[in-house]
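Here is my note on the model you sent.

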Amino acid sequence: YVHFHLISSQVQQSTKSVVLLEIFVSILSLNLSEPAYGADIAKLKYKLVAGEHGLIIRVKGFNHKLPLLLKLIIDHVSEFSFTPAVFDMIKEELKKTYFNMLIKPEVLAKDLHRVILEHGKWSVIDKYRRLMKGLSAESLLSFVKAFKSQLFVEGLAQGNLTC
């Protein structure tokens with residue numbers, strides 16, 4: 001198991017940044033689906049998560065091929081690109097996800113509970129409002145550039161590894 005947390009101060013600056021991070025991670029996952037298909041067949045697993053402070057990358061599997069999968073993911077992060085159609089599709093999916101969260105009382109209650117207890121946590125309501133105001137593809141590109149320019153990486157490796 002190898003976990004990396006790409007932490008950037010850009011993420012917690014505003015609801016716009018939090019929403020842009022979620023869009024970034026969704027597009028990145030979509031971009032990786034085809035090139036990482038062989039890794040899935042070889043029983044290597046990966047997951048990308050929009051964390052509270054940045055991007056979380058989790059990979060697991062046999063150690064001799066794990067670096068190749070990790071390199072593929074990092075290459076896609078560093079050379080991030082997308083089409084306007086993909087951006088619009090992901091944005092619409094995220095709107096539906098936020099809306100579905102808002103209409104479930106138990107999910108909304110848990111979210112508001114976290115907002116009250118945790119410093120710097122943005123509510124689903126705030127994120128939905130920000131998304132409804134509109135976001136551009138250019139704002140995503142500038143966010144990703146700023147995200148990568150102020151990056152701090154934490155890692156955890158567990159298993160049969162050599163340094």
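1. The axes of α1 and α4 come within 10 Å and cross at roughly 120 degrees. Axes are lines fitted to C-alpha atoms, for helices over the stretch in contact, and angles run from 0 to 180 degrees between N-to-C directions. That makes α1 oblique to α4. Angles under 35 degrees count as roughly parallel, over 145 as roughly antiparallel, 65 to 115 as roughly perpendicular and the rest as oblique.

2. This is a predicted model: local features need pLDDT of at least 70, side-chain atom pairs count only at pLDDT 80 or more, and totals for chains, interfaces and linings use all residues. Residues are numbered from 1 along each chain as its sequence is written, and side-chain values use heavy atoms, without hydrogens and water.

3. From α1, Val19, Glu22, Ile23, Ser26, Ile27 and Leu30 meet Val86, Phe87, Met89, Ile90, Lys91, Leu94 and Tyr98 of α4 (contact means heavy atoms within 4.5 Å). This contact divides into 10 nonpolar, 1 polar and 2 charged residues. Ala, Val, Leu, Ile, Met, Phe, Trp, Tyr, Cys and Pro count as nonpolar, Asp, Glu, Lys and Arg as charged, and the others, Gly among them, as polar.

4. Which helix gives the most to the lining of the largest pocket? It is α4, with 6 residues. The lining holds 13 nonpolar, 5 polar and 8 charged residues.

Key: Helix = DSSP H or I, 4+ residues; strand = E, 2+ residues; numbered from the N terminus.
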